[in-house]
Amino acid sequence: MGADIHCYVEYKYPNSHEAWTSFGQHINPGRNYALFERIAGVRGAPDRAIVAPRGTPDNLGYYAHEDWKIASNPSSGYHTPSWLTLKEFARVLAEYEVTFDETAPVEYRALCAAMQCLTTAPAKVRLVFWFDS
């Protein structure tokens, strides 16, 4: 059985008292174990993660929060929740490209581009995720 990543690009405008908002709701950019290892140490060496898994943020946006209520059930098979900033996620992709001498998959580059676009809004942005097995 394989592992998949479940992602949410979330953004929030500076000085706003509103909650984090999901861009695109649930996103599954595809299975790539080399990226999973660098994103959170999943399906590889835990120490290869760019940032050690942090768990879910306390202030999840609505869609991620609703999905996490189901996914966080111990019998659900979901695991390793965390989040990355744009800078951290861009570093994951850059390290992948150097290590494997190939461009990161387009789905992951599109996520990064969406995050970059949101920062010009200007907004704070993060990639919230967890995995299944």
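# Loops, sheet and helices

Student: Is Arg43 buried, exposed or partly exposed?

Tutor: Arg43 is partly exposed, with a relative accessible area of 41%. Buried means under 20% relative accessible area, exposed over 50% and partly exposed in between, using a 1.4 Å probe and protein chains only. Please keep in mind that this is a predicted model, in which local features need pLDDT of at least 70 and side-chain atom pairs count only at pLDDT 80 or more, while totals for chains, interfaces and linings use all residues. Residues are numbered from 1 along each chain as its sequence is written, and side-chain values use heavy atoms, with hydrogens and water left out.

Student: Okay, and where does Arg43 sit?

Tutor: Arg43 is in the loop between helix 1 and helix 2, where helices (H or I, at least four residues) and strands (E, at least two) are DSSP runs numbered from the N terminus. Arg43 also has a positive phi of about 60°, although it is not a glycine.

Student: What about the phi of Asn15?

Tutor: Asn15 is not a glycine either, and it has a positive phi of about 60°. Asn15 belongs to the loop between strand 1 and strand 2, and this residue is exposed, with a relative accessible area of 79%.

Student: Switching to the sheet, what is the order of its strands?

Tutor: The sheet is open and has four strands in the order 2-1-4-3, with antiparallel pairing; two strands pair if DSSP finds at least two bridges between them. Strand 2 and strand 3 (78-85) are the edge strands, since each pairs on one side only. The twist averages 15° from one strand to the next.

Student: How many bridges does strand 1 make with strand 4?

Tutor: Nine bridges join strand 1 to strand 4 (residues 124-132), and the two run antiparallel; Ile5, for instance, stands opposite Phe131 in strand 4. With strand 2 (residues 21-27), strand 1 pairs over four bridges, again in the antiparallel sense, and there Cys7 has Ile27 as its bridge partner.

Student: Is strand 1 mostly covered or uncovered, then?

Tutor: Strand 1 (residues 4-12) is mostly covered, as nine of its nine residues are buried. In a regular strand the side chains alternate between the two faces of the sheet. Here Asp4, His6, Tyr8, Glu10 and Lys12 point one way, whereas Ile5, Cys7, Val9 and Tyr11 point the other way.

Student: New topic: how do helix 3 and helix 4 cross?

Tutor: The axes of helix 3 (residues 86-100) and helix 4 (residues 106-119) come within 10 Å and cross at roughly 150°, where axes are lines fitted to C-alpha atoms, for helices over the stretch in contact, and angles run from 0 to 180 degrees between N-to-C directions. That makes helix 3 roughly antiparallel to helix 4, since angles under 35 degrees count as roughly parallel, over 145 as roughly antiparallel, 65 to 115 as roughly perpendicular and the rest as oblique.

Student: Which residues of helix 3 make that contact?

Tutor: On helix 3 they are Leu86, Phe89, Ala90, Leu93 and Glu97, and they meet residues of helix 4 including Tyr108, Leu111 and Met115; contact means heavy atoms within 4.5 Å.
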